[in-house]
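Here is a short tour of one protein model, written with charges and their partners in mind. Take a look at the structure first, and then let us walk through it together.

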Amino acid sequence: MGDEFEADISVRGDELWVLPRGDLDIAGAPELEETLSLAMASDAKAIVIDLRGLEFVDSTGLRTLAQAPQVEGGERISFVPGNDHVQSVFRISGLLPFRSAA
């Protein structure tokens, strides 16, 4: 742990890709929430959250990711699975399977 969190948006055709990197914990969750809000406010046909850049996810980060598809327009969201640790957090919490983009 200890990797600083960042979240960027990348336009790829008619999709927006949300690219979180580092440790998604209580300190990083607000930045991800802001980034997701910007993505959701767009008219993109699809929003892909690419979890491959995450090193760690705690319960606050998990909640942020799990709530994203529940908001209005959330049906546009899909996920690219992350590393084994990130996927195990989803698996243990019972949140797998989620809509996968890859």
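A residue is called exposed when its relative accessible area is over 50%, buried when that area is under 20%, and partly exposed in between. By that cut-off Arg52, at 51% relative accessibility, counts as exposed. Please keep in mind that this is a predicted model.

**Overall fold**

The protein chain has three helices and five strands, and along the sequence they follow the pattern β-β-α-β-β-α-β-α. The radius of gyration is 12 Å, close to the 13 Å that the globule rule gives for 102 residues, so the chain is as compact as a globular protein of that length. Along its principal axes, the C-alpha trace spans about 35 × 25 × 20 Å.

Of the 102 residues, 46% count as buried. Among contacts with a separation of 6 or more, 63% are between residues 24 or more positions apart. The accessible surface comes to about 5,500 Å², and 52% of it belongs to carbon and sulfur atoms.

**Charges and salt bridges**

How many salt bridges does the structure hold? There are four, including those in this table.

| Salt bridge | N to O distance |
|---|---|
| Arg21 and Asp8 | 2.8 Å |
| Glu33 and Arg63 | 3.7 Å |
| Asp50 and Arg52 | 2.6 Å |

Let us begin with the pair Arg21 and Asp8, which forms a salt bridge. Arg21 lies in strand 2 (residues 15–24) and Asp8 in strand 1 (residues 6–12), so the pair ties together parts that are 13 residues apart in sequence. Arg21 is partly exposed at 31% relative accessibility, and Asp8 is partly exposed as well, at 34%.

Next come Glu33 and Arg63, whose side chains meet in a salt bridge. Because Glu33 sits in helix 1 (residues 29–40) and Arg63 in helix 2 (residues 59–67), this pair ties together parts that are 30 residues apart in sequence. Glu33 has a relative accessibility of 34% and counts as partly exposed; Arg63, with 41%, is partly exposed too.

That leaves the salt bridge between Asp50 and Arg52.

Terms used:
Residues numbered from 1 in each chain as written. Predicted model: local features only at pLDDT ≥ 70, side-chain atom pairs only at ≥ 80, totals over all residues. Heavy atoms only, no water. Helix = DSSP H or I, 4+ residues; strand = E, 2+ residues; numbered from the N terminus. Rg over C-alpha atoms; globule rule 2.2 N^0.38 Å. Buried < 20%, exposed > 50% of the residue type's maximum accessible area, 1.4 Å probe, protein only. Contact = heavy atoms within 4.5 Å. Areas by Shrake-Rupley, 256 points an atom, 1.4 Å probe, with all protein chains shown as cover.
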